[in-house]
Amino acid sequence: DSRPHHILVTGGAGFIGANFVHWVAREQPDVRITVLDKLTYAGKRESLDGVPADRLTFVRGDICDAGLVETLLTEAAERDGAMVATGAISAMPPIDAIVHFAAESHNDNSILDATPFLRTNIDGTYVLLEAARRHGLRIHHISTDEVYGDLALDEPRKFTEASPYKPSSPYSASKAASDHLVRAWHRTYGVRATISNCSNNYGPYQHVEKFIPRQVTNVLAGIRPKLYGTGAAVRDWISVEDHCSAIWAILTRGRIGETYLVGADGEMSNIDVLRMILARMGRRPDDFDHVGDRPGGDKRYAIDATKITRELGWRPRHTDFAEGLDETIAWYRTHENWWIPDKQATEEKYRLQGH
Ligand code: NAD
Ligand code: DAU
């Protein structure tokens, strides 16, 4: 049985990590979850509210802290031993897999200061790989399609697992570096690792710095939405729910040492996405501002997901983008307490950058 019993989810208080923890709690009722999250500006403990307390252990801490990671893995094991020895009925199984989301994730921030990106995304991944090596753990590394650079707007080509690495931003370069470490630790030390490179996710719990939540909350807060450049850049949108099911498929059924691209054929230009948001929120199509483009901004991402669909039988299920957008808008409408505390500082930071 390659299904893990107790997973360590790094970055589980962030956007995709929190959605993944909710997904596992709902879909895999026998799996125990420990979250390790530093709670940077991008993480919130509240994003995990509602996950049953007997399934989840939350640890606030840094993945770069090798001592803490080691304590967490050994203490979990010892605690289990102690529980078994005292005849506890539901002994906690030891952590047997790491699902690694923790990262600095925002391109614009990486352009202002790459330091935390190199530390968390590269050093942090190294710490986890060493822990996986010492303890013989399975590890799944969550990465991005941005490691492949960008595509031209008008070419038919999409990214595949064979596309060359060509990252454009400090963020994507740091993610590319982390992918290389994972492959090297698999090949050199036999660490049982897999990697997924996914396209742009949308859904609940996404920070208001990111494109879709920023525009939705701008409209809700009475601020005009902001489009970078002409808005011709294309992103390949996928519901975060579909990304979560893909990660589970790879974690449990993926071939060790392999990389899988994850996407849902959701290519759309930024201006089309923005116009859809405006229409669905009852605003006029021109009710937004053009602002400065991102330096070096990638033109287009597009994923060919043939490998994961053929090999693992994974399929995206939430492919009606308009419906997904409506659900996302509704979530931000009903969760103002979740995002309002971040809104002003985020917009102030953008104002200073000319975005
Ligand atoms: P996010 O910024 O919303 O969340 C990141 C989480 O990691 C936060 O909870 C933060 O507190 C935590 N964290 C940051 N540094 C840490 C550290 N040193 N130690 C422990 N925790 C730390 O990011 P996200 O959008 O959820 O992305 C998660 C992962 O998925 C990242 O690895 C990212 O590269 C990848 N990814 C994201 C997308 C996307 O569309 N958002 C697409 C493909 C891949
Ligand atoms: O492709 C996967 C990647 O998707 C992940 O690896 C990253 O972690 C995630 O942040 C995302 O990166 P992007 O740079 O594509 O996402 P972002 O939401 O920052 O921007 C999407 C597009 O929208 C991009 O072309 C820039 C543009 N944009 C962004 C913002 C914040 C705007 O036009 N206006 C905005 O206000």
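**Two ligand shells and a few residues**

Mentor: H1 gives the largest share of the shell around ligand 1, three residues. This is a predicted model, where local features need pLDDT of at least 70 and side-chain atom pairs count only at pLDDT 80 or more, while totals for chains, interfaces and linings use all residues. Residues are numbered from 1 along each chain as its sequence is written, and chains are lettered from A and ligands numbered from 1 in the order in which they are written.

Trainee: Which residues come nearest to ligand 1?

Mentor: Gly11, Gly14, Phe15, Gly43 and Ala103, out of 31 residues around ligand 1. Helix H1 (15–27), strand S2 (32–37), helix H4 (115–135) and strand S5 (138–144) each give two or more residues to that shell. A residue belongs there if its C-beta atom, placed from the backbone, lies within 6 Å of the molecule. Helices (H or I, at least four residues) and strands (E, at least two) are DSSP runs, numbered from the N terminus.

Trainee: What makes up the shell around ligand 1, by class?

Mentor: 13 nonpolar, 13 polar and five charged residues. Nonpolar means Ala, Val, Leu, Ile, Met, Phe, Trp, Tyr, Cys or Pro; charged means Asp, Glu, Lys or Arg; the others, Gly among them, are polar.

Trainee: Which residues come nearest to ligand 2?

Mentor: Ser105, Thr144, Phe211, Tyr228 and Ala233, of 20 around ligand 2. Helix H6 (211–221) and strand S8 (226–228) are the elements giving two or more residues. S8 gives the most, with three. The classes here are five nonpolar, eight polar and seven charged residues.

Trainee: Why is tyrosine 205 called buried?

Mentor: Tyrosine 205 has 22 C-beta neighbours inside 10 Å, so it counts as buried. The cut-offs: 20 or more other C-beta atoms within 10 Å is buried, 12 or fewer is exposed, and in between is partly exposed, with C-beta atoms placed from the backbone. Tyrosine 205 is in the loop between strand S7 (201–202) and H6.

Trainee: What marks the phi of tyrosine 205?

Mentor: It is positive, near 70°, in a residue other than glycine. Most residues other than glycine have a negative phi. Aspartate 265 also has a positive phi, about 50°, and is not a glycine. Aspartate 265 is in the loop between strand S11 (259–262) and strand S12 (267–269).

Trainee: Is aspartate 265 buried, exposed or partly exposed?

Mentor: Partly exposed, because it has 15 other C-beta atoms within 10 Å.

Trainee: What makes methionine 268 partly exposed?

Mentor: Methionine 268 has 15 other C-beta atoms within 10 Å, so it is partly exposed. Methionine 268 lies in S12. Beyond four places in sequence, it touches Val234, Arg235, Trp237 and Val273. Contact means C-beta atoms, placed from the backbone, within 7 Å.

Trainee: How do you know that alanine 193 is buried?

Mentor: Alanine 193 has 29 other C-beta atoms within 10 Å, so the term is buried. Alanine 193 lies in strand S6 (193–198). Leaving aside neighbours within four places, its contacts are Ile139, His141, Val182, Trp185, His186 and Gly257. From isoleucine 98, alanine 193 is 95 residues away in sequence and 9.5 Å away in space, C-alpha to C-alpha.

Trainee: What is the average pLDDT of the chain?

Mentor: The average is 95, and 95% of the residues score at least 70. Residues 83–90 fall below 50, and this stretch has four contacts in the model beyond near neighbours in sequence. pLDDT is the predictor's confidence in each residue, from 0 to 100. Where pLDDT is low, the predicted coordinates should not be read in detail. For the complex, the predictor gives an ipTM of 0.99 and a pTM of 0.97.

Definitions and conventions: Contact = placed C-beta atoms within 7 Å.
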